[in-house]
Amino acid sequence: RVHGQDGEIFGELPPRKELGKYSKFPVFVPSSTPSNNSVYSHQYLIIQAKHKLDKHFSYCNHLLGAISSREAFGFAHLVVNYLAESCGPKRGVGNRTSLFGLQTPPLLNDSKSVIRCEENTSVDSFVLSVLPFFVTNARSQVIVSCDPANKAISDLLNPQTLPGVEFKLEDSQSTTHCYNVIFPEDMKEFPMVGNFVSLFFPFGHIKSTKNSDEDFVKAFSQSKKWLSVVH
């Protein structure tokens, strides 16, 4: 059962690494259900590819420069811009003071997300999968596991291109102790960016019993659990 109230966000989800077995995207309220089947047009993505990112994200230039498809490049720009606008706690409405928004994966040692790149995984699909982590404070919560035979991706796994991201070159990856397992796939169509990001990060809210509880807002706005962009 999924429901919502003022200043709240609700959803019932399967274990994150089993999400693809049951749903195309996480189901949550409030959200636009028709957007699950919506995609960006080729022309729109090409236009986005011509725009420059904010200078604060110049550290992404080397990584994004590895993308070969103009559509994927434009989509990558949308991902970064979406996170820049959406990250951080948002103040809710209603009689009770609330905060809601995107959150990091669980802040536990055995709850990291694994991006598994096989021998034939494409660079474009890998970059789009690692990008939401790389530009946020979830950077330390992802591990890239790459087959050594995939030289195109393994060449990107260095501190200059992906500073702060843990990576391993290995023939296979154990996925027993992890929060999520991501197998990058090439996209013929590109979904709404909010839906795409929801594949990697949870969402939630926290609420005070009081109205206009500024002490509550001050205290919980500083929580490390909120997803934030890295400048």
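**Aromatic pairs and burial in a predicted chain**

Tutor: In this predicted model, one aromatic cluster is formed by Tyr40, Tyr44, Phe75, Phe133, Phe190, Phe196, Phe200 and Phe201.

Student: How many aromatic pairs does a search of the whole structure find?

Tutor: The search finds 10 aromatic pairs in the whole structure. In one of these, the rings of tyrosine 59 and phenylalanine 134 have their centres 5.4 Å apart, with 80 degrees between their planes.

Student: Why is the pair of tyrosine 59 and phenylalanine 134 called edge-to-face?

Tutor: Two rings count as a pair if their centres lie within 6.5 Å, and as edge-to-face if their planes are over 60 degrees apart. The centres of tyrosine 59 and phenylalanine 134 are 5.4 Å apart and the planes stand at 80 degrees, so the pair is edge-to-face.

Student: What makes this a link between distant parts of the chain?

Tutor: Tyrosine 59 sits in the loop between helix H2 (42-50) and helix H3 (61-64), whereas phenylalanine 134 belongs to helix H5 (residues 123-134), and the two are 75 residues apart.

Student: How do you know whether tyrosine 59 is buried, exposed or partly exposed?

Tutor: Buried means under 20% relative accessible area and exposed means over 50%, with partly exposed in between. Tyrosine 59 has a relative accessible area of 23%, and therefore it is partly exposed.

Student: Which kind of aromatic pair do phenylalanine 75 and phenylalanine 196 form?

Tutor: Phenylalanine 75 and phenylalanine 196 form an edge-to-face pair, with 5.1 Å from centre to centre and 75 degrees between the planes. This pair also links distant parts of the chain, since phenylalanine 75 lies in helix H4 (residues 70-86) and phenylalanine 196 in helix H7 (residues 193-198), 121 residues apart.

Student: Why do phenylalanine 75 and phenylalanine 196 fall where they do on the scale of accessibility?

Tutor: Phenylalanine 75 is at 0% relative accessibility, so it counts as buried. Phenylalanine 196 has a relative accessible area of 5%, and therefore it is buried. In the chain, buried residues make up 46% of the 231 residues.

Student: How do you know whether the radius of gyration of the chain agrees with that of a compact globule?

Tutor: A compact globule with 231 residues would have a radius of gyration near 17 Å, and the chain has 18 Å, which agrees. The secondary structure of this chain comes to eight helices and seven strands.

Terms used. Residues are numbered from 1 along each chain as its sequence is written. This is a predicted model: local features need pLDDT of at least 70, side-chain atom pairs count only at pLDDT 80 or more; totals for chains, interfaces and linings use all residues. Side-chain values use heavy atoms; hydrogens and water are left out. Helices (H or I, at least four residues) and strands (E, at least two) are DSSP runs, numbered from the N terminus. The radius of gyration is taken over C-alpha atoms; the globule rule is 2.2 Å times the number of residues to the power 0.38. Buried means under 20% relative accessible area, exposed over 50%, partly exposed in between (1.4 Å probe, protein chains only). Rings of Phe, Tyr and Trp (its six-membered ring) pair if their centres lie within 6.5 Å; planes under 30 degrees apart count as stacked, over 60 as edge-to-face and the rest as tilted.
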